[in-house]
Amino acid sequence: MPLNAPLYERSASAPPVPRGIPLVIALTGFTDAGNAVSRLVQYFRDEANPVPMVQFTNDVLLDYRARRPIITFDRDHLSEFRMPRLELSLAHDALGTPFLLLAGYEPDFAWDAFADAVIALADEYGASTVTWVHAIPMPVPHTRPIGTTVSGTRTELTKAHSVWQPQTQVPSTAGHLLEYRFAATGARVSGFVLLVPHYLGDTDYPAAALAALDSLTVATGLMFAGEDLRDENKEYLSKVEDQVEGSDELSRMVHTLEERYDAYMAGATQATPMIHTGDLPSADELAAELERFLATRPPDDDKRG
């Protein structure tokens, strides 16, 4: 690790940033069941038009031997060397609403310095809220909504959407540290843990990415179109159903998980899962959804703005 390398560099062409916009954090790494966060990062890079303002330094934060860069071998020569990226960008949702996006790999090193930098940048740009998501495997069925565990300082979100509230110790991620440190500053921060069916945790599960987008919408009011993900999820679930129907063992497992899930939801919590069918609003529905959100927004949200 270079002793004098800067933690990050600012982009010379960074656009002006309006104050009072949300900060969304998506870091790939330790916990990413169903590739939820990986797909979320890719979605943002493809659909949210992110313009980097800050690029974090790989040589300071990344263990190349643990997560090696991608090299392209083209028959008889090397044609591309693709480095991992961790950037703070100005992005826009499907309606053109701006938000701050911290997306990329979870740092391997310098967590304290990284957290200090992110908090300072959020303060500099006047972020109104901080929201992050990650996903863990759980013994739940794919035939039921994806639930969430919600933490942070926004108790209204925890009460409404945290379907599982354990008291336990778990290995931390950089996202946990960021939430912990943001909470200590009094920031309006929330973390969403997606509870992904354990038997699909090692697959590329589109509903997990959809649930991540839905969680961010609930927390920030941002709107995201996910037509491609919805179509992909329908095909994916069709293949899963074919496998389940063709196996008595899988059918019994899913049926048992359904019974346990339904019993738990009926008796253990008043919170509601984030997503019911793996769907998000279509592009034509986004404007109507925005009007609904604005009509139901608490009056003091304007003051936080």
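Select F81 to begin; this residue belongs to strand β5 (strands are DSSP runs of E with at least two residues, helices runs of H or I with at least four, numbered from the N terminus). The model is predicted, so local features need pLDDT of at least 70 and side-chain atom pairs pLDDT 80 or more, whereas totals for chains, interfaces and linings use all residues. Residues are numbered from 1 along each chain as its sequence is written, and side-chain values use heavy atoms, without hydrogens and water.

Strands β4 (70-74) and β5 (77-82) each give two or more residues to the patch.

Move to helices α6 (residues 206-220) and α7 (residues 227-245), which pack at about 145° with axes 8 Å apart (axes are fitted to C-alpha atoms over the stretch in contact; angles run from 0 to 180 degrees between N-to-C directions). Show L210 and L213 of α6, among the residues that meet α7, whose own contacts include E232 and Y236 (heavy atoms within 4.5 Å).

Finally, select R39 and E232, whose side chains form a salt bridge at 3.0 Å, N to O (Lys or Arg side-chain nitrogen within 4 Å of an Asp or Glu carboxyl oxygen). The pair connects helix α1 (residues 36-47) to α7 across 193 residues.
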